[in-house]
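Reader: I am new to this structure and would be grateful for a close look at one part of it. Please begin with a single contact and then widen the view.

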Amino acid sequence: MRFKQAPVLVGMLVLALLLAACGGASPAAPTESPGQNTPQAQTGATQAPVAATGNTLQVVRDRGQLICGVNNQLPGFGSVDAQGNFNGFDIDFCKAIAAAVFGDATKVQYRPLSAQERFPAVQTREVDVLIRNTTWTVSRDTTVGLDFAPTTFYDGQGMMVRKADNISSLEDMDGASVCVQSGTTTELNLADSFRSRNLQLNAVVFETHDAAVAAYDEGRCDGFTTDKSGLVSTLVKLRNPADHVILDVTMSKEPLGPAVLQGDTQWKDIVTWVVFGLFNAEELGVTQANVESMLNSDDPNIRRLLGVEGELGQGLGLDNDFMVDVIKAVGNYGEIYDRNLGPNTPFNLPRGINAQWTDGGLIYGPPFR
Amino acid sequence: MASTGLSPEYHRRIPFYRNVKTLAILAQVVFILLVGLLFWYLYSNMVEGMRRSNIPSGFDFLDDTAGFPISEGIAYEPTDTYARAFVVGLVNTLRVSALGIVLATLLGIVIGIARLSSNWLLRTVASAYVQLIRNIPLIVLLIFIFVGVILKLPRVRDAVGIEGVLLLSNRGLAMAWPRSSDSYNLWVPWLVGSLVVGVVVYEARRRYLKRVDRPGASLPWALLAMFGVIVLGAVITTLISGRFPLVLDRPRPAGFNLVGGTALTGEFFALLMGLTLYTAAFIAEIVRGGILAVSKGQREAARALGLTPAQTMRLVIFPQALRVIIPPMTNQYLNLTKNSSLGIAIGYFDLFNVSKTIFNQSGRTVPVIVLVMASYLSISLLTSLIMNIYNRRMRVVER
């Protein structure tokens, strides 16, 4: 009677020990073959058929839909409109991948994920691709088990404060309360930035972006921090946008881009080259409007990009003219940017370092050949 | 063993597969094996899945630097380890749960008794409270309290309350708090002494009451004696050193926040309030049921002896009702503790919130979740153990 529940506790302990045991074993495996890359060494050691990790394209085709992990709370990048449609910069890349795979940009199922849900969702294959303003970092690329496609948006973490507080830099914020979303690199950068400046920080951490913004708007915090792109779209949502100002500090590098599960090189290549294709399309002047006529172009670069020449799509397991479907659906990179973040949107975000390399930016698509 | 009175031949003739006793044991062995296999299948499935997706397992990551901020609870820096962050979360969970249990019990008992009041207004208000709160999901109640009540409090610059003593804003409650002064060390022996005096007085009083065979309380005497020694010590310390052993640290605005004193955050308040209000509604129903379970004759007998209604409740009805109340009360305490994990919705750094951040930053989902489950399980088992002991002590009253 006294310890009726004891077996449960014992069970939990046993489970914990087993986990600890198999955790002890796995780091040992790569050290046996230090020359090899870890993922390959591990798939080799599992005896699991390679096909088990290399069939995402087939799974997506059989399902007839691409499942895309997205944000639904970040206007401009991923949000839901009054009719229940997803739209935004990240959403357009989901559409582009669906167009590449199916020739139809509507065959996407959007899975809104919180910052904390997103990695388990990729790890457990709940989503095929994660395009949810996710920062590319070494730990996510390795221990978290993701593979990153090229960066689609070069961002940096900023800080929003009230004009009335007369804050001009982070140094003025000693002892300030800062609202932040949990489970993000933002949270770590915030701690680092204050620590390196020897400032006292009161972080108020919320699970969702909306909750953090609401608390900031009510004055629970003196500052709100997230990527600058996020700050811009948040500012429009505040009660009195004119009362707030975004400080001229960048606390971090935040390269945002699509991520897939590590281990499926074909699927990663598809996502990678859809993004590069969109970069190239802008550079070569191929747009949603002129893509049909561009099929008759004499420029070999354009002919290869659109699959008129060469068998480049086949190498990815797609049709050779997959970029035609992609561009028809969403336009080129510049068009995606302008539609969601450009001058005709409430955000009016300048291209900055997200301009083409020919214009002094970082957007650079390797050649299609 | 063969006490059935039948001949030994009879037993010998039954093959083992038709012997009920053998079959019963066999069935149990098979059942255990099946359950074991099921668990083994689930476990190996998880391990295989984790390996296939390259999800690392093991607990070695707990020694790594956490790097994320936690601004609630015991001392913690972002440079501390994940293990320390986990402990901070655990302590925060225990803090809000323990306080919540005490407050919910008090409020629940009051409302439960009020529901049986002969006063129409009191009865109706109590019953409306129970119906309203019991039928709202806790998460809705929590978010309502946080967004609708706490965040709507004045901003920190316009904090309301008594300047320098108690200041309420939407960042929480800042309070003046005693801190030790230079002469504190001189005072410590008196504090220890007061404890000794307290025990001595308690024992002496108890023996005296037993000797003269009269009812009476010993604890108030002991507490009074302790208080006397502590005050005397403070006065003498002040006379010797010229400084009072404690100084009052007052909250004052500095920079962006109030500094000094001690503070309870708005998130902590909201969670505590939500858990207390919610659980109290359930406890009230348990208390009401327990009181109704005491037979009517008890009350009538007590009243016939001339006890006032309050005395009847305190001395006759409630002690008997306790026996019915305690077992379901344990359930409510466990619920309250587990429900504290909803603090994540309003930004309270409880065990679950911190753990989610840990596994998001480290990528070790399964080990962290196992740790979280083990922690909640341990807390729950400990709570029910304490309640079971208390329950058994209460049952001794029964004849």
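In what kind of contact do the side chains of B:Glu203 and B:Arg206 meet, and what is the N to O distance?

Author: The side chains of B:Glu203 and B:Arg206 meet in a salt bridge, with 3.2 Å from N to O. The term denotes a side-chain nitrogen of Lys or Arg within 4 Å of a carboxyl oxygen of Asp or Glu. The model is predicted, so local features are reported only at pLDDT of at least 70 and side-chain atom pairs only at pLDDT 80 or more, whereas totals for chains, interfaces and linings use all residues. Residues are numbered from 1 along each chain as its sequence is written, chains are lettered from A and ligands numbered from 1 in the order in which they are written, and side-chain values rest on heavy atoms, without hydrogens or water.

Both partners belong to helix H6 (residues 184–212) of chain B, where they stand 3 residues apart, about one turn of the helix. Helices (H or I, at least four residues) and strands (E, at least two) are DSSP runs, numbered from the N terminus. An α-helix has 3.6 residues a turn, so residues three or four places apart point the same way. B:Glu203 is partly exposed at 27% relative accessible area, and B:Arg206 is likewise partly exposed at 37%. Here buried stands for under 20% relative accessible area, exposed for over 50%, and partly exposed for the range in between (1.4 Å probe, protein chains only).

In the loop between H6 and helix H7 (219–241) of chain B lies B:Asp213. Although B:Asp213 is not a glycine, its phi is positive, at about 55°. Most residues other than glycine have a negative phi. B:Asp213 is exposed, with 67% relative accessible area. A second residue of this kind is A:Asn133, which is not a glycine and has a positive phi of about 25°. A:Asn133 is placed in the loop between strand S6 (129–130) and helix H7 (138–141) of chain A, and it counts as buried at 15% relative accessibility.

On a 1 Å grid over the protein atoms alone, a cavity is a set of points where a 1.4 Å probe fits but cannot get out; a pocket is an open set with protein on both sides within 12 Å along at least five of seven lines, and lining residues have an atom within 4 Å of a point. The volume of the largest cavity is about 200 Å³, a volume being the space filled by probe spheres set on the points, which are joined across faces, edges and corners.

The largest pocket holds about 1,200 Å³ of space. Of its 50 lining residues, the closest to its centre are A:Gln200, A:Leu201, A:Asn202, B:Ser71 and B:Glu72. The lining comprises 25 nonpolar, 17 polar and 8 charged residues.

B:Glu72 and B:Arg95 form one of them, at 3.0 Å from N to O. This pair joins distant parts of the chain, 23 residues apart: B:Glu72 in the loop between helix H2 (20–52) and H3 of chain B, and B:Arg95 in helix H3 of chain B. B:Glu72 is buried at 8% relative accessibility, whereas B:Arg95 is partly exposed at 30%.

Another bridge joins B:Lys152 to A:Glu218, with the closest N and O atoms 2.5 Å apart. This pair crosses between chains, from the loop between helix H5 (138–150) and strand S1 (160–162) of chain B to the loop between helix H9 (209–217) and strand S12 (223–227) of chain A. A:Glu218 is buried, at 12% relative accessibility. In chain A, salt bridges also link A:Asp92, A:Lys95 and A:Arg339 in a network.

Terms used: Nonpolar A, V, L, I, M, F, W, Y, C, P; charged D, E, K, R; others polar.
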